[in-house]
Amino acid sequence: MAVLEEIITAIEQGRRRQLKMLIEEAVEEGISPEQILNEGFLPAMDNVSRKYHNEQFFVPEVILASQAMNVGTAILEEYLGGQQPPSIGRVVIGTVKGDLHNIGKNIVVMMLRGAGFEVIDLGYDVSVDAFLDTAQACEADIICMSAMLTTTMAEMKKVIGRLVNRRLRDRYIVMVGGAPVTAAYAMAIGADIYTEDAGSAALMAKEAMRKKGKL
């Protein structure tokens with residue numbers, strides 16, 4: 001439908017006012033909020049993720065698109081009677097203990113939320129117990145860890161080791177990333193997903209959810 005294509009473009013370009021009018025137009029045409037979400041919002045943020053990964057978009061464009069997405073989601077909530085649109089999965093994310101870097105992790109948070117995930121952002125300097133206790137308490141699907149220092153990368157291994165010790169490893173998809181982290185290191189510590197940039201994080205998270213039969 002043409003209006004859904006226009007919604008995708010409006011989100012990609014961060015045009016919030018136009019997005020509001022397009023959502024209203026779509027509803028008047030009989031398109032359900034769920035269809036607007038699944039065939040408008042989510043494809044738009046997938047496009048943003050790919051363009052960021054391919055260096056067609058940069059941080060300012062991602063922020064504008066995310067802001068438009070947030071505005072659109074709030075409008076959809078009104079049509080859903082105040083209920084939030086359903087999420088495609090739940091992610092606990094944070095920068096590991098001893099590491100105070102937050103910018104890259106924050107971009108990943110935006111990408112994941114834009115892709116339809118519910119995200120619990122623990123911030124930075126997050127302990128092993130905080131990752132595990134939060135993941136259990138909120139019944140997360142994915143634990144996502146960032147490290148920007150070689151001296152803090154070992155915290156990722158500790159989290160996975162604690163999951164194994166508690167016999168919880170199979171319950172979660174574990175995603176790792178950050179400037180010093182490599183695919184080889186991710187494999188060595190037993191992570192499920194390694195992303196070299198924020199743009200591919202949401203796409204790979206969705207693919208992992210599909211492989212686990214959760215999508």
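Start by selecting Ala198, Gly199, Ser200, Ala201, Ala202, Ala205, Lys206, Ala208 and Met209: these are the buried residues of helix H9. Here "buried" means under 20% relative accessible area, "exposed" means over 50%, and "partly exposed" is in between (1.4 Å probe, protein chains only). The labels H and E come from DSSP runs numbered from the N terminus, with helices (H or I) of at least four residues and strands (E) of at least two.

Two housekeeping points before you click on. You're looking at a predicted model, where local features need pLDDT of at least 70 and side-chain atom pairs count only at pLDDT 80 or more, while totals for chains, interfaces and linings use all residues. Residues are numbered from 1 along each chain as its sequence is written, and side-chain values use heavy atoms, with hydrogens and water left out.

**Stop 1: along H9**

Now colour the whole of H9, residues 198-211. From the first C-alpha to the last, its 14 residues reach 21 Å, close to the 20 Å expected at 1.5 Å a residue. That expected span is 1.5 Å times one less than the number of residues.

What do the buried residues of H9 pack against? Show helix H3 (33-53), helix H5 (103-114), and the strands E3 (142-146), E4 (173-177) and E5 (193-195), and you have the answer.

Zoom in on the start of H9, where a side-chain oxygen of Asp197 comes to within 2.9 Å of the backbone nitrogen of Ser200. Then pick Glu207, also in H9; it is partly exposed, with a relative accessible area of 35%. Draw a line from Glu207 to Ile11: they're 196 residues apart in sequence, and their C-alpha atoms are 22 Å apart in space.

Is Gly213 buried or exposed? At 59% relative accessibility, Gly213 counts as exposed.

**Stop 2: over to H3**

Next, select H3, which has 21 residues and reaches 29 Å from first C-alpha to last, close to the expected 30 Å. Its buried residues include Pro33, Ile36, Leu37, Gly40 and Phe41. Among the elements covering the buried residues of H3 are helix H1 (2-12), helix H2 (16-28), helix H4 (59-79), H5 and H9. After H3 comes Glu55, with a positive phi near 60 degrees.

**Stop 3: two threonines**

Find Thr95 in strand E1 (residues 90-95). At 0% relative accessibility, Thr95 counts as buried. Its side chain reaches the backbone oxygen of His101 at 2.8 Å. Leaving aside neighbours within four places in sequence, Thr95 is in contact (heavy atoms within 4.5 Å) with residues including His101, Asn102, Lys105 and Gly123.

Now jump to Thr152, in the loop between E3 and helix H7 (154-165). Thr152 is buried too, with a relative accessible area of 4%. Which side chain does Thr152 meet in a polar contact of 3.0 Å? Show Asp99 to see the partner. A polar contact is a pair of N or O atoms within 3.5 Å; within protein, one must be able to donate a hydrogen and the other to accept it, and residues adjacent in sequence count only if both atoms are side-chain atoms.

**Stop 4: H6 meets H7**

Show H6 and H7 together: they pack at an angle of about 45 degrees, with axes 9 Å apart. Those axes are lines fitted to C-alpha atoms over the stretch in contact, and angles run from 0 to 180 degrees between N-to-C directions. On the H6 side, the contact is made by Val128, Asp129, Phe131 and Leu132. On the H7 side, look for Glu155, Lys158, Val159, Arg162 and Leu163.

**Stop 5: two loop residues**

Finish with the loops on either side of H6. Asp125, between strand E2 (118-121) and helix H6 (128-137), has a positive phi of about 55 degrees although it is not a glycine. Asp125 is partly exposed, at 31% relative accessible area. Glu139 lies in the loop between H6 and E3. Its phi is also positive, about 55 degrees, and Glu139 is not a glycine. With a relative accessible area of 62%, Glu139 is exposed.
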